[in-house]
Amino acid sequence: MLQSLARGYRRGTTDLKLADLVPAAVDAFYADQIGVGHALLLAKLPADQHEAALQGCFKEVYNGGSKPARILLPVRNLQFWIDSNIRVHYLSGN
């Protein structure tokens with residue numbers, strides 16, 4: 001299923017390979033915790049950044065329960081998180 005979705009999204013001459021996602025991201029996609037847009041953004045990143053960026057897909061909200069609820073943020077929020085955290089990290093040489 002992921003590969004068929006990736007065929008529909010071409011960026012220039014490069015196919016995005018959703019099959020290259022780390023298992024946690026694949027599991028989140030199949031569990032409908034993240035959408036196609038989130039998965040495509042994650043697939044563009046180096047594999048060692050997937051898990052950190054996956055956490056950037058969500059916001060934890062405390063609503064009186066014993067454990068916080070995770071709310072999926074829009075894709076634009078993930079893009080902002082990537083721009084702010086991952087790209088800055090690589091540009092600074094760390």
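What follows is a set of questions and answers on the terms applied to this model.

Q: What kind of model is this, and what limits apply to its features?
A: The model is predicted: local features require pLDDT of at least 70 and side-chain atom pairs pLDDT 80 or more, while totals for chains, interfaces and linings use all residues. Residues are numbered from 1 along each chain as its sequence is written, and side-chain values use heavy atoms, with hydrogens and water left out.

Q: How many helices and strands does the protein chain have, and what makes a segment count as one?
A: The protein chain has five helices and four strands. Helices are DSSP runs of H or I with at least four residues, strands are runs of E with at least two, and both are numbered from the N terminus. Read from the N terminus, the order is α-β-β-α-α-α-β-β-α.

Q: What surrounds His38, and what makes a residue a contact?
A: Contact means heavy atoms within 4.5 Å. Not counting residues up to four places away in sequence, His38 touches Cys57, Leu72, Leu73, Pro74, Val75 and Leu78. His38 itself belongs to helix α3, residues 36-44.

Q: What makes the pair of His38 and Gly35 a polar contact?
A: A polar atom of the His38 side chain lies 3.2 Å from the backbone nitrogen of Gly35. The criterion is a pair of N or O atoms within 3.5 Å; within protein, one must be able to donate a hydrogen and the other to accept it, and residues adjacent in sequence count only if both atoms are side-chain atoms.

Q: Why is the pair of Phe29 and Tyr30 given its geometric label?
A: The structure holds one aromatic pair. Phe29 and Tyr30 form it, at 6.0 Å centre to centre and with 65 degrees between the planes. Rings of Phe, Tyr and Trp (its six-membered ring) pair if their centres lie within 6.5 Å; planes under 30 degrees apart are stacked, over 60 edge-to-face, and the rest tilted. The pair of Phe29 and Tyr30 is edge-to-face. Phe29 is buried because its relative accessible area is 6%, whereas Tyr30, at 47%, counts as partly exposed.

Q: How do you know that a charge sits over the ring of Phe58?
A: The charged end of Arg70 is 3.7 Å from the centre of the Phe58 ring. The criterion asks for NZ of Lys or CZ of Arg within 6 Å of the ring centre and within 35 degrees of the ring normal. Arg70 is recorded as sitting over the ring.

Q: What makes a nonpolar core, and which residues touch the most other members of the largest one?
A: Such a core is a set of buried Ala, Val, Leu, Ile, Met, Phe, Trp, Tyr and Cys residues joined through side-chain atoms within 4.5 Å. The largest has 21 residues, of which Leu21, Ile34, Leu42, Leu54 and Leu78 touch the most other members. Elements giving two or more residues to this core are α2 (23-30), α3, α4 and α5 (75-91). Helix α3 gives the most, five residues. Leaving aside residues up to four places away in sequence, the contacts of Ile34 include Ala25, Phe29, Leu42, Leu54 and Leu72.

Q: Why do Asp32 and Gln33 carry the accessibility labels they do?
A: Asp32 counts as exposed because its relative accessibility is 70%, and Gln33 is partly exposed because its relative accessible area is 35%. Beyond four places in sequence, Gln33 is in contact with Ala28, Phe58, Arg70 and Leu72.

Q: Where is Glu51, and what does it touch?
A: Glu51 lies in helix α4 and is partly exposed, with a relative accessible area of 49%. Glu51 touches Val22 and Ala24, not counting residues up to four places away in sequence. Glu51 and Ala24 are 27 residues apart in sequence and 7.1 Å apart in space, C-alpha to C-alpha.

Methods
Buried means under 20% relative accessible area, exposed over 50%, partly exposed in between (1.4 Å probe, protein chains only).
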